Amino acid sequence: MLQPGISAEVTFPVTNHFTAKSVGSGALEVLATPIMIAKMEQAAWTAVAPHLEEGAGTVGTLMNVQHVSATPVGMEVTCKAELTAVEGRKLVYRVTAWDAKGPIGEGVHERAVIQNDRFLSKARKKLEAGE
């Protein structure tokens, strides 16, 4: 059962592949904001996955975060997502990120609980509609 307080963390090293320069979100060799956001999302979906019914999943619907401090290549970052509200199919999380020197990002993330097969079928219909 989904209840506020469920949380998960994802820890990863900042490598050259995760820099703003590498992913195209900037020119510097520091952790890219899109990577921080992706890892926050990873923490969010993995937190609730064990609590979902078989065949269900979640998809991101909103991300509102601040990236407040740069992390250079070679440091480790941890992203945490904590479920703060369950509103029907809508899940609301507080997301945070930090490195060894302190906080680097924070915000709110929302996800929707979906039925995987139905969701994928609907997405595939977009291809069929274009033919």
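**View 1. Burial and surface of the predicted model.** Of the 131 residues in the protein, 36% are buried, where buried means under 20% relative accessible area, exposed over 50% and partly exposed in between, with a 1.4 Å probe and protein chains only. The structure is a predicted model, in which local features need pLDDT of at least 70 and side-chain atom pairs count only at pLDDT 80 or more, while totals for chains, interfaces and linings use all residues. Residues are numbered from 1 along each chain as its sequence is written, and side-chain values use heavy atoms, with hydrogens and water left out. Carbon and sulfur atoms hold 52% of the accessible surface of about 7900 Å² (Shrake-Rupley method, 1.4 Å probe).

**View 2. Order of the elements.** The protein has 3 helices and 5 strands, taken as DSSP runs (helices H or I, at least four residues; strands E, at least two) and numbered from the N terminus. From that terminus the order is β-α-α-β-β-β-β-α, and the C-alpha trace spans about 45 × 40 × 20 Å along its principal axes.

**View 3. The surroundings of alanine 32.** Alanine 32 sits in the loop between α1 (20–23) and α2 (33–48), and it counts as buried because its relative accessibility is 0%. Once neighbours within four places in sequence are left aside, alanine 32 is in contact with Phe18, Thr19, Ala20, Val23, Ser25 and His67, contact meaning heavy atoms within 4.5 Å. Alanine 20, which is 12 residues from alanine 32 in sequence, has its C-alpha 4.1 Å from that of alanine 32.
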